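Subject: Structure handover, charged side chains

Hello,

Here is the structure I said I would pass on. Please have it open while you read the notes below.

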Amino acid sequence: MTVARKRIPHDSCKARTRGGRPCGRPAGWGTDHVGTGRCKLHGGASRIKHGRFSTIQRQRIRDLYAQHKNDPDPLNLLDELAMARAILHDFLERYDEWRDAFLAWHASWTTDEEGHPASPKPRQVLDISDARNTLLAIARIVETIERIRGNVSRTDLLRIMTEMGRVLERHVHDEAVRARVADEWLSIPLA
């Protein structure tokens, strides 16, 4: 006859499994806080306990995250704009060198006695579309800066001016007056 063991009551992990049932592991199982909180399999081992980025494991990333989160002027993107432009500039300066190295490697493709390539493969093969992508990133940063500053984009300015012209045509019927208004609008200095 087997004797049923009496389970000692303990706090459980309290997380839900993929099947929707509560986790049966003890609270803090597999962590340094056994007896409290979630088990290792349900986020209990994570050092950051809440927030959108609570699952970040690498210490360097967590440190950088904290640094950027505490930035006193997070909407100032001028440094990002300068960095993106520097990366694009560097890329364009070195593109021909990388392309030439790749073509030379490809042209000299032979193997030695052991079957290894006779010339070393270039460390990096670049695609000019990377420069385009960097340029698009720069444009997005500039648009964001302008939006943050509250400046009107060129597209919005043209739309506003077109609508102003339509209103003028609808309500002012004298051609001479419309011409004077249009001339005055065009004489307004920009910035």
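How many residues apart in helix α2 are R94 and D90? They are four residues apart, so about one helical turn separates R94 from D90.

Before the rest, two notes on the source. This is a predicted model, in which local features need pLDDT of at least 70 and side-chain atom pairs count only at pLDDT 80 or more, while totals for chains, interfaces and linings use all residues. Residues are numbered from 1 along each chain as its sequence is written, and side-chain values use heavy atoms, with hydrogens and water left out.

Salt bridges

Side chains of opposite charge can pair when their charged atoms come close. A salt bridge here is a side-chain nitrogen of Lys or Arg within 4 Å of a carboxyl oxygen of Asp or Glu. The whole structure contains five salt bridges.

One of them joins R94 to D90, with the closest N and O atoms 3.2 Å apart. Helix α2 covers residues 78–107; helices are DSSP runs (H or I, at least four residues), numbered from the N terminus. R94 is partly exposed at a relative accessible area of 34%, and D90 is partly exposed at 32%. The classes are buried (under 20% relative accessible area), exposed (over 50%) and partly exposed (in between), with a 1.4 Å probe and protein chains only.

R99 and D100 also form a salt bridge, at 3.1 Å from N to O. R99 has 35% relative accessibility and is partly exposed; D100, at 41%, is partly exposed too. A network of salt bridges links D96, R99 and D100.

In helix α5 (residues 175–186), R178 and E175 lie three residues apart, about one turn of the helix. Their salt bridge has its closest N and O atoms 2.5 Å apart.

A negative patch

D71, D73, D79 and E80 gather in a surface patch of negative charge. Asp and Glu count as negative, Lys and Arg as positive, and His and the chain ends are not counted. Patch residues have over 30% relative accessible area and no salt bridge, and like charges are joined within 9 Å. The place of a charge is CG for Asp and CD for Glu.

Regards

Definitions and conventions. Patch = residues over 30% accessible without salt bridge, like charges linked within 9 Å, V, L, I, M, F, W, Y side chains within 5 Å. Areas by Shrake-Rupley, 256 points an atom, 1.4 Å probe, with all protein chains shown as cover. Helix = DSSP H or I, 4+ residues; strand = E, 2+ residues; numbered from the N terminus.
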